[in-house]
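Me: Hi! Could you walk me through this one?

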Amino acid sequence: MGPFISPFSNLLCMLLGISFTLWVTLLLVFIIVPAIFGLSFGIRGLYMKTLLKVFKWATVRMERGAKEKNHLLYKPYSLNSIIAKEPTSLEDELKEIRRNGSSRELDGSASAATGPSPSSSEFEMSDTFYFCRRGIESIVDDEVTKCFSAEELESWNLLTRSNYNFQHISTRLTVLWGFGVIIRYGFLLPLRLTLAITGISLLVVFTTIIGLLPNGRLKNFLSETVHLMCYRICVRALTAIITYHHSENKPKNGGICVANHTSPIDVIILASDGCYAMVGQIHGGLMGLIQRSMVKACPHIWFERLEVKDRHLVAKRLSDHVKDKSKLPILIFPEGTCINNTSVMMFKKGSFEIGSTVYPVAIKYDPRFGDAFWNSSKFGMVNYLLRMMSSWAIVCSVWYLPPMSRQEDEDAVQFANRVKGAIARQGGLVDLLWDGGLKRGKVKDAFKEEQQKIYSKILVGTQADRSRS
Amino acid sequence: MGSRASSLLREEDIEEIKKETGFSHSQITRLYSRFHSLDKGENGALSREDFQRIPELAINPLGDRIINAFFPEGEDQVNFRGFMRTLAHFRPVEDNEKNKVLTPGEPLNSRTNKLLFAFRLYDLDRDDKISRDELLQVLRMMVGVNISDEQLGSIADRTIQEADTNGDMCISFNEFTKVLEKVDVEQKMSIRFLH
């Protein structure tokens, strides 16, 4: 006898089948097809405006509730400084100490033998005060450590991860938050996961197929189309709402595109608007699979782990690629690590030594909808992607800056700093000289030695005076 | 996660710290969030490594001595109370008129206590005297390798000679205070805390 299928389970199967078909059709029509052609229905813009209104209401509600209950609302310290730092330098301060009557005037009569004049700068016991105060100032507030943790928001965006005041302020707010959780995890997350899987599988499959074609114009054209299409699907998988500015400055073949780095998503954001040759280390697993299939369709630059340490090899491969005008522009993130999008840290000079045109790009995320910063010491990649896909949206602006070339009188480091300054200005980010490597490593002793040198000069300079007199 | 930072600090604790240090309520909560962000191990206390992770402090020639000042004798963890107590030394002095500090004895940011803080930077073994060796150590930290031992030695000798009044070739706290009589300690050893 065959299996007994009840009419109820038959109905269930039918319902599941219908809803699945409906789901896929909606997906196809509203998301995948526009992605292929680069069109948009404007749904995401509307979504963004609605969310903003809701967040504003939530913040007002929280402030009101806090006032009623007489709690003090926590103000994020990174937004308003705790202290006002004195801008004086070491030299100025020490000169001031010596000018305003050093202790030697007291003993003027006693130390008649040496008889130094009040203006000579000898060691004062109060010299330590300057270093002491600067040290304490840096403990209370410093430029660097806050670059490596997520930016704090002024208004709450209904995500627990960015809330510092979460006490039960009002029922309505909690209900709204609960509603938000259901929408994000119940509806948006599965939708986005489906899209992501679709996008990645299409990428892998199509690029492998295209790899079988002979090299030529057709292959390049198809490869570009496929890359763009799959990246656009991935963009929708993150509900990323991107505004591109100055597209006339888009990078051209034979150039190098440099941008500030906040998260791995930067790549997807830039690559969905133009075709680039990626640079990076070959990974294993899924990432490695994607990398290997991508390189079949068009030349990307992937390095083995050992090759990454060899700077000459890296430079040679990059410059070979750049010389070939038929190859796509290279995409590089010179900071070397993810920074939290409030500042731009030191650019490594390697990509600026190659000698081709540099196309700077500034990327600035709007943290109100979801913080894109990848704090790699706190979260692994999978955890990070899940957080991205369960945020409201990723909203960012991309500015293509005019191309820059190295001038005769500047070296690679100065050129790198010039480009960094331009990117920081455009994106409204703080321009820092510190190395992004400080996220994991210790600071170089050379900086301490500089300070010691300056101080020594102030002391020793007087020895020369005294020996003369 | 940093999201619960302010909720871990109870109102009673804030009041006690306010009385002891003279910081305002909002200053204490913000310094608490700073404390929390430095505390990578998230165990409610800072270790020396947590301080050394601050690049600007790591390149300060006196960085290690300043970090030392936070840790009480023989311990290598400092909790938030200890952190605030040390920072309180750097509150500007005028603020005392505005918020009445209710502890008995001198407030932590009085001129004497500021000088004591600076004195302890030199006096590593806490014997209330700055010996020639201790002075040399601090000098060496501040000049690095740029000055020879002999020159440094003569600078140290000269300093002790001028400060020492009782002839024991060491600088006591009173002698230290006398030497710095004319220096505007209140301004040089204060940080402008906002609200």
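This is a predicted model: local features need pLDDT of at least 70, side-chain atom pairs count only at pLDDT 80 or more; totals for chains, interfaces and linings use all residues.

The chat below goes over chain B and then one tryptophan in chain A.

Me: How many helices and strands does chain B have?
Reply: Chain B has 12 helices and 3 strands. Of its 195 residues, 54% are buried.

Me: Which elements of chain B have the lowest and highest mean pLDDT?
Reply: Helix H7 (residues 95-98) of chain B has the lowest, at 55, while helix H6 (residues 80-88) of chain B has the highest, at 91. Over residues 1-6 of chain B the pLDDT is below 50, although this stretch has 17 contacts in the model beyond near neighbours in sequence. Chain B as a whole averages 84, with 90% of the residues scoring at least 70.

Me: Switching to chain A: where is A:Trp374 found?
Reply: A:Trp374 lies in the loop between strand E8 (358-366) and helix H10 (381-389) of chain A.

Me: Is A:Trp374 buried or exposed, and why?
Reply: A:Trp374 counts as buried because its relative accessible area is 18%, and the cut-off for buried is under 20%.

Me: What is A:Trp374 in contact with?
Reply: Leaving aside neighbours within four places in sequence, its contacts include A:Pro264, A:Cys338, A:Phe379, A:Tyr384 and A:Lys439.

Notes: Residues are numbered from 1 along each chain as its sequence is written. Chains are lettered from A and ligands numbered from 1 in the order in which they are written. Side-chain values use heavy atoms; hydrogens and water are left out. Helices (H or I, at least four residues) and strands (E, at least two) are DSSP runs, numbered from the N terminus. Buried means under 20% relative accessible area, exposed over 50%, partly exposed in between (1.4 Å probe, protein chains only). Contact means heavy atoms within 4.5 Å. pLDDT is the predictor's confidence in each residue, from 0 to 100.
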